[in-house]
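Please read it with the model open.

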Amino acid sequence: MADIIKVKNLTKKFKSLVAVDSISFQVKKGEIFGFLGPNGAGKSTTIRMLTTLTRPTSGSAEVAGYDIVKQPDEVRSHIGLVAEKIILYDHLTPSENLQFFGRLNGLTVEEINKRADKWLKRLKMEEWKNLQVGTFSTGMKQRINIARALLTEPDILFLDEPTLGLDPQTTYMIKTFITELNKQGVTIILTTHDMYEAEALSDRVAIIDHGKIVALGTVEELKKKVKNKKSPTLEDVFLEKTGFEVRDKIGKMAAMHRGPHRITQNNRVR
Amino acid sequence: MKILNDLCQIAKKDLLEFSRDRIRLATFIIMPIFMMLLTGYIFPNQNSLKNIPIGIANQNSEYGNQLVEAISNLELTANTKAFLVKNYSDIDAIKEAVKKQEINGGVYIPNNFSELIKTNQQAEVTIIEDQANPQISAVTSQVLSQVVNGFSQAIATQKAKAILVNKIPAGNQNPNLAASIIQPILTKIEGLFPGDTTYFEFVAPGIIAMIVMTAVLTGLAASISREKEQGTLDGILVSPISRLAIILGKALSQSIRGLIQGAIVMLLAVFLFGVHINGSIILVVLLLLLGVFSFVGLGILVSAIASEQETATQLLFMFQFPMLFLSGAFFPIQQMPKFMQIISRLIPLRYEIDALRKVIVLGAGVSAVRTELLVLIIFGAATLAIAVPLFKKMITR
């Protein structure tokens, strides 16, 4: 199948910190691509570059056949984004939120109403569409957030930790929804810290650490490479590739300023 | 046309969101009213001198009693006495009462007051000031001095008349001769419009300009920073719209809010505090719009630099605080030291206030505020030219 995302030597530096270090990979059209990594590894920065929110320092990437730097508007017309933070206005209702984002994406009021009804119904949020978002639980907000990202019926959907902080029921619902969506032809880029979720959903997986891709392939391919384990899981692959040391983006940034404090596996600062 | 549609969508969303936030809405309406009421009622002017408690120690009878009567009956506004007079035995008792803040000043009339006048010597009246309240004290002392001077002139005129009766035959006497000897020159004060200008009329254009500036500067920076922090800005940025539409949409909603606040203040000034807009109301609105234009660039600049709401607020405070004092909003620029007057020329708010004051108080037309209009346009265009490209760069860094 054709590549819908092509990334070549993509790099992002924030002053002296190299957040993403010359990474290259491809995502095939119609697959669920798990993009995994510890905190501060460069996942979100990569997603932000691919969604045109952050400008790369060097390298290139094509999303849906368009260059992320030279043709950002074309890229934006083909993607949906469910970011780490929920992109909704608390004082507006789901209908008003969807109208706003739909109009910015060039849809007419009628088109938005039609699509909003469809997605809200599928995500079981239809009866809440006229109440202010601020009164909803995180799970309800996330379902509307996903409806918002799907309003333009994108070819590629970026999901940055979509089940973070949700109860098992909503998590199950969203996972099922992702699979259904993918069957309809939507390419999904999924970042998550839940290895079981990644294993269950992803066709292929990339693991990024310290800004570099350290593993890339199908879950089965990666599992075969794990040494000293009879029936390894994706979590085993992840830990073998990224180590047991606890990482934290804030900790890392702080360490850059304050010196070499490192947190060990036992959560002790040394 | 798409850019126009997009910026309107953003402005509409911002205003809808704002109208649902009860706390922000309440602050938005109450703040200008509160500010206007405070300045309107607190800053004293002669006309607002009402029922000020003062002490009088009158140790004399005849002329002393007449002076006390003149002070006690003084009315600067209809049917309201300017002073609430309390009687004391001597000057020390008045000073003691001022110390206790029972009164805001006093008048001491010594026991030889009438005798000195009658024997053609200079009599003396002492006015005691309340230095703890410099503003009240300045106005009170000024009014008391005027009463004493008036009283003094009346006596002088009587005396002159008595002397002149013996010198010039009655038939040749000019009825105003005595008065013209005592006060040969009369000062006639004529404004461009009838009536006195109060301090409030001086301050009102400043407050209007300041409110509009605050709404645009603080509001714009806070609105963009808030969306950055909450992550909703990413939702807008990931849509295929021009970055310029985002900035202009935000600026439009903040400008509408600024103008609404400006209108609230203006209506209060006119209907509650009797400020007359002597010039063209269209020119006032034009000046307010131009004020908005001149501050938008600065607001965008701060939003581009500050990544957090708190940083934006602090940065703006740094700009706004000196502006309040150096723009001439509350204090006349002419009374400031020379170097401060030079600095004030660099502040766009000064030109906005100057122009509003000229139009509202003096009824000036476009030709009289040409320089101010030009400065505001140049400042707005220059800051926008720097801010817009910087904002575009900063939001996708």
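1. Terms of burial. A residue is called buried if 20 or more other C-beta atoms lie within 10 Å of its own, exposed if 12 or fewer do, and partly exposed in between, with the C-beta atoms placed from the backbone. Helices (H or I, at least four residues) and strands (E, at least two) are DSSP runs, numbered from the N terminus.

2. Origin and confidence. This is a predicted model, in which local features need pLDDT of at least 70 and side-chain atom pairs count only at pLDDT 80 or more, while totals for chains, interfaces and linings use all residues. Residues are numbered from 1 along each chain as its sequence is written, and chains are lettered from A and ligands numbered from 1 in the order in which they are written. For the complex, the predictor gives an ipTM of 0.88 and a pTM of 0.77.

3. Domains of chain B. Chain B is divided into domain 1, made of 2-43 + 198-395, and domain 2, which covers 48-182; such bounds come from an automatic or database domain assignment. The C-alpha centres of these two domains of chain B lie 48 Å apart.

4. The contact between the chains. Two residues are in contact if their C-beta atoms, placed from the backbone, lie within 7 Å, and the contact takes 20 residues from chain B and 24 residues from chain A. On the side of chain B that touches chain A, α1 and α9 (232-237) of chain B each supply at least two residues, and the largest share, 6 residues, comes from α1(B). By class, that side of chain B has 6 nonpolar, 7 polar and 7 charged residues, where Ala, Val, Leu, Ile, Met, Phe, Trp, Tyr, Cys and Pro count as nonpolar, Asp, Glu, Lys and Arg as charged, and the others, Gly among them, as polar.

5. A lysine in α1(B). B:K13 is found in helix α1 (residues 2-20) of chain B, and B:K13 counts as buried because it has 24 C-beta neighbours inside 10 Å.

6. Helix α4 of chain A. The 14 residues of α4(A), residues 109-122, should span 20 Å at 1.5 Å a residue, and the end C-alpha atoms of the helix are 20 Å apart, which agrees; the expected span is 1.5 Å times one less than the number of residues. Buried in α4(A) are A:I112, A:A116, A:W119 and A:L120. Seen down the axis, the buried residues of α4(A) fall within an arc of 95°, so they line one face of the helix; the arc is that of the directions from the helix axis to the C-beta atoms. The exposed residues A:E110 and A:K114 are carried on the face of α4(A) turned away from its buried side, whereas the buried residues pack against α3 (94-104) and α5 (138-150) of chain A. Just after α4(A), A:K124 takes a positive phi of about 55°.

7. A:T52 sits in the loop between α1 (43-50) and β4 (58-63) of chain A, and A:T52 is buried, with 24 other C-beta atoms within 10 Å. Although it is not a glycine, A:T52 has a positive phi of about 70°. Leaving aside neighbours within four places in sequence, A:T52 is in contact with A:I68, A:P72, A:V75, A:R76 and B:V238.

8. Helix α4 of chain B. In α4(B), B:I94, B:A97 and B:V98 are buried. They cover an arc of only 100° around the axis, which puts them on the same side of α4(B). The face turned away from that buried side carries the exposed residues B:D92 and B:K99, and what covers the buried residues of α4(B) includes β1 (52-58), β5 and β6 (126-129) of chain B.

9. B:Q101 is found in the loop between α4 (91-99) and β5 (105-109) of chain B. With 11 C-beta neighbours inside 10 Å, B:Q101 counts as exposed, and its phi is near 60°, a positive value in a residue other than glycine.

10. A residue of α15(B). B:V375, in helix α15 (residues 370-395) of chain B, is partly exposed, with 19 other C-beta atoms within 10 Å. Not counting residues up to four places away in sequence, B:V375 touches B:P348 and B:Y351.
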